[in-house]
Amino acid sequence: RIMAPVTSGQSNARPRSRSLTAVHCAILDDLVYPTEIVGKRTRYCIDGSKTLKVYLDPRDRNSTEYKLPTFAGVYKKLTGKDAVFEYPVTEATV
């Protein structure tokens, strides 16, 4: 449950585990569960929109590649944020 921010003069801070950012991060971890998240980047566009780029573990590419559009759709529906799921690009050493 997400707690509302404190509106009175008291200095009781809301716990980190109940903040909106922590809840959205937990949703993201649960959504891609068999796979691990190896990186996250927020991309800011010129028009002011933000897109979250989520990099997944490339070892699980064969079992989760077809699920990437589903991950993005479910995350958008649950949080209202745009997200792009992809695998990090590794350069081949010559």
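Biologist: Along strand 3, which side chains point to one face and which to the other?
Modeller: First, a caution: this is a predicted model. In strand 3, residues 83–86, the side chains alternate. Ala83 and Phe85 point to one face and are buried.

Biologist: Which strand is strand 3 joined to, and do they run parallel or antiparallel?
Modeller: Strand 3 is joined to strand 2. The two run parallel, with four bridges between them. For a place to look, find Leu52, which stands opposite Ala83 of strand 3.

Biologist: And strand 1? How many bridges does it have with strand 2?
Modeller: Seven bridges, and that pairing is antiparallel. Lys40 stands opposite Val54 of strand 2. Arg41 stands opposite Lys53 of strand 2.

Biologist: What about the hairpin of strand 1 and strand 2: how many residues sit between the strands?
Modeller: Five residues. Look for Gly48 in that hairpin, which takes a positive phi near 95°.

Biologist: Why do you call strand 2 largely enclosed?
Modeller: Five of its seven residues are buried, so the rest of the structure largely encloses strand 2.

Biologist: Take Thr51 in strand 2. Is Thr51 buried or exposed?
Modeller: Thr51 is buried, because its relative accessibility is 17% and the cut-off for buried is under 20%.

Biologist: What does Thr51 touch, leaving out residues up to four places away in sequence?
Modeller: Thr51 touches Arg41, Thr42, Arg43, Asp82 and Val84.

Biologist: Now the helices. Where does Thr79 lie?
Modeller: Thr79 lies in helix 3, which covers residues 68–79.

Biologist: Buried or exposed?
Modeller: Thr79 is buried, because its relative accessible area of 16% falls under the 20% cut-off.

Biologist: Which backbone atoms does the Thr79 side chain reach?
Modeller: One is the backbone oxygen of Tyr75, at 2.7 Å. Another is the backbone nitrogen of Lys81, at 3.3 Å. Tyr75 and Lys81 also turned up among the lining residues closest to the centre of the largest pocket.

Biologist: What does Thr79 touch beyond four places in sequence?
Modeller: Thr79 touches His24 and Ile27. His24 is another of those residues closest to the pocket centre.

Biologist: Val74 is in helix 3 too. How accessible is Val74?
Modeller: Val74 is at 33% relative accessibility, so Val74 counts as partly exposed.

Biologist: How far apart are Val74 and Leu28?
Modeller: In sequence, 46 residues. In space, 9.7 Å from C-alpha to C-alpha.

Biologist: Let's zoom out. How many helices and strands does the chain have?
Modeller: Three helices and three strands. From the N terminus on, the order is α-β-β-α-α-β.

Biologist: What share of the chain is buried?
Modeller: Buried residues make up 23% of the 94 residues.

Biologist: Last one. Among contacts with a separation of 6 or more, what share joins residues 24 or more positions apart?
Modeller: Those pairs account for 43% of such contacts in the chain.

Methods:
Residues are numbered from 1 along each chain as its sequence is written. This is a predicted model: local features need pLDDT of at least 70, side-chain atom pairs count only at pLDDT 80 or more; totals for chains, interfaces and linings use all residues. Side-chain values use heavy atoms; hydrogens and water are left out. Buried means under 20% relative accessible area, exposed over 50%, partly exposed in between (1.4 Å probe, protein chains only). A polar contact is a pair of N or O atoms within 3.5 Å; within protein, one must be able to donate a hydrogen and the other to accept it, and residues adjacent in sequence count only if both atoms are side-chain atoms. Contact means heavy atoms within 4.5 Å. On a 1 Å grid over the protein atoms alone, a cavity is a set of points where a 1.4 Å probe fits but cannot get out, and a pocket is an open set with protein on both sides within 12 Å along at least five of seven lines; lining residues have an atom within 4 Å of a point. Two strands pair if DSSP finds at least two bridges between them.
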